[in-house]
Amino acid sequence: MPDQRVPVVAIVGRPNVGKSTLMNRVVGRREAIVEERPGVTRDRKEVEAEWNGRDFVLVDTGGWLPGGDHLDAKVSQQSERAVLDADVVLFVVDASIGVTEEDDRAASMVRRSGKRVLLLVNKVDDTNREPLIWDFVRLGLGEPVAVSALHGRGTGDALDALVALLPAPVEAPEPAADGEAARRARDVLSVALVGRPNVGKSTLFNRLIGDERSVVHDMPGTTRDTIDTVIETPGGPLRFVDTAGMRRRSRIDQGTEYFSLVRALQAVDSADVALLLIDATEGVTHQDQRLAERVEGAGCPVIVVLNKWELLDAEARALVQADVERKLAFLGRAVVVKTSALSGKGVHKVLPALSGVVDEYRRRIPTRQVNEVITLAQQAHPAPGGARVLYATQGATDPPTFTLFANRELPRTYLRFLENRIRDAFDLGQTPIKLRVRKRTD
Ligand code: GDP
Ligand code: GDP
């Protein structure tokens with residue numbers, strides 16, 4: 001495999017959690033220095049490793065020391081750099097210490113990077129320490145995996161999980177996005193503007209970017225062979241996905257309805273939020289409904305934009321609103337914005353609506369508050385058959401994902417109930433919410 005790039009795995013974690021020990025364990029020889037003193041492995045170490053026939057490079061990032069002195073800051077910078085260069089991050093924490101503030105901050109750096117992560121809870125030397133791992137769920141880095149780097153306990157399973165996260169071996173070269181551009185691309189919130197042909201997508205888009213304050217630039221698309229547009233807004237940069245056809249005065253033909261549906265769905269897949277445009281003069285058509293269903297199915301929060309609003313009289317407006325409530329009921333409490341893209345009326349409400357939805361999507365709720373809400377909900381309405389949630393925590397954002405530890409299976413209807421309670425308590429609007437249930441016996 002001459003041209004194939006070997007995937008890079010960065011090990012991140014506070015000093016002394018056992019990164020070097022883990023690295024030695026994986027590599028099977030004493031390559032990195034291990035010493036019982038924070039910050040000994042200052043240099044970035046890279047070693048080649050192999051598991052189940054997959055080669056990869058392991059990079060010890062030398063620890064993460066937020067704040068601190070000059071050297072600490074440099075080490076952290078290096079660590080951050082290593083994360084950005086990596087394909088997968090091995091995030092290591094110490095079961096004997098629990099979640100520290102440094103863990104929290106390093107975790108948020110890793111989450112921001114958008115990289116795939118495997119969360120390893122080290123120093124789980126025996127079964128007694130096993131329950132300690134659940135506290136780390138709240139780092140928002142997915143399900144914790146228990147290991148003991150020192151004794152080799154669980155490391156085989158951890159490596160299996162790691163290899164599963166590596167990118168599939170590729171024959172074709174990677175698209176030529178340099179590290180910086182790729183990083184920017186991940187930080188920027190992306191929006192798909194979708195709707196049937198002629199509903200006013202291009203007109204609305206040109207209105208949105210026509211704003212004096214927005215600095216507009218094109219970027220290679222997040223989907224194949226497309227061009228995205230990034231605009232600077234007071235609330236941060238926004239990336240509009242697949243906009244080649246929208247920028248120009250004379251647009252390229254958007255093709256058949258089917259083709260534009262396919263294209264819209266590709267855009268939605270790489271977007272954080274979708275603006276679903278509807279031609280208000282036509283009401284909610286069957287096509288609009290289908291598109292909305294697919295967008296919803298992709299787990300993307302939706303903002304409904306009723307365009308050409310100025311063409312409707314009061315009676316027609318009431319009818320369309322009722323239409324939305326009825327035919328798009330499955331979107332839940334979707335935000336609805338009315339615009340006249342042609343005249344620009346109402347367009348100023350689009351960006352605030354976007355940032356509102358995105359805030360919900362990225363909301364992180366403290367574990368204590370989640371548990372309070374769950375406890376109150378259970379007091380008001382206990383689950384049938386003695387089922388009970390013992391502990392709950394938000395394991396991830398984008399969308400908000402909660403892990404419920406329960407003594408036994410919870411009925412679907414009950415989960416619905418809990419979901420609604422969480423949604424109401426934290427004003428999550430219509431953002432998709434995921435609940436995961438894990439059984440726990442104690
Ligand atoms: P790093 O600097 O964060 O990479 O951490 P090291 O690999 O240097 O480990 C720090 C200390 O934790 C050393 O004394 C290790 O022997 C110890 N250690 C590492 N892994 C384990 C483990 O699985 N169990 C126990 N009990 N100690 C461990
Ligand atoms: P797209 O195919 O979804 O990109 O739709 P366009 O932006 O090309 O708009 C289709 C047609 O609708 C054009 O003739 C626009 O001028 C017109 N149009 C767009 N927005 C409005 C609006 O708010 N009011 C009215 N009356 N016409 C609009």
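# A guided reading of the predicted model

Helix 6 (residues 201-210) supplies three residues to the shell around ligand 2, the largest share. Helices (H or I, at least four residues) and strands (E, at least two) are DSSP runs, numbered from the N terminus. The model is predicted, so local features need pLDDT of at least 70 and side-chain atom pairs count only at pLDDT 80 or more, whereas totals for chains, interfaces and linings use all residues. Residues are numbered from 1 along each chain as its sequence is written, chains are lettered from A and ligands numbered from 1 in the order in which they are written, and side-chain values use heavy atoms, with hydrogens and water left out.

The shell around ligand 2 contains 16 residues, and the closest are N198, K201, S202, T203 and E310; a residue is near a molecule if one of its heavy atoms lies within 4 Å of it. By class, the shell divides into five nonpolar, six polar and five charged residues. In this division Ala, Val, Leu, Ile, Met, Phe, Trp, Tyr, Cys and Pro count as nonpolar, Asp, Glu, Lys and Arg as charged, and the others, Gly among them, as polar. S340 contributes a polar side-chain atom, 3.5 Å from an oxygen atom of ligand 2. Taken alone, ligand 2 exposes 580 Å², and the protein buries 80% of that; accessible areas come from the Shrake-Rupley method with a 1.4 Å probe, and for residues only the protein chains shown count as cover.

The chain as a whole has 13 helices and 16 strands. Of its 442 residues, 48% are buried, where buried means under 20% relative accessible area, exposed over 50%, and partly exposed in between (1.4 Å probe, protein chains only). Among contacts (heavy atoms within 4.5 Å) with a separation of 6 or more, 68% join residues 24 or more positions apart. The accessible surface comes to about 22,000 Å², and carbon and sulfur atoms account for 49% of it.

In soluble globular proteins, nonpolar side chains tend to be buried together. A nonpolar core is a set of buried Ala, Val, Leu, Ile, Met, Phe, Trp, Tyr and Cys residues joined through side-chain atoms within 4.5 Å. The largest such core here has 27 residues, and V194, V295, V304, L306 and L328 have the most contacts inside it. Two or more residues come from each of strand 7 (189-194), helix 8 (257-269), strand 11 (273-279), helix 9 (286-297), strand 12 (302-307) and helix 10 (314-327). Helix 8 gives the most, with four residues.

Leaving aside neighbours within four places in sequence, V194 is in contact with K201, A264, V268, L275, L276, L277, L291 and V295. A264 belongs to helix 8 and counts as buried because its relative accessibility is 9%. With the same exclusion of residues up to four places away, A264 touches V194 and L291. Its C-alpha atom is separated by 9.2 Å from that of R196, 68 residues apart along the chain.

Another enclosed region is helix 1 (residues 19-27): eight of its nine residues are buried, so the helix is largely enclosed by the rest of the structure. The buried residues are K19, S20, T21, L22, M23, N24, V26 and V27. In the loop between strand 1 (8-12) and helix 1 lies N16, which is partly exposed because its relative accessibility is 36%. N16 has a positive phi of about 75° although it is not a glycine. Most residues other than glycine have a negative phi. K308, in the loop between strand 12 and helix 10, also is not a glycine and has a positive phi, of about 65°.

N122 is found in strand 5 (residues 116-122) and is buried, at 4% relative accessibility. The side chain of N122 reaches the backbone oxygen of V17 at 2.9 Å.

Key
A polar contact is a pair of N or O atoms within 3.5 Å; within protein, one must be able to donate a hydrogen and the other to accept it, and residues adjacent in sequence count only if both atoms are side-chain atoms.
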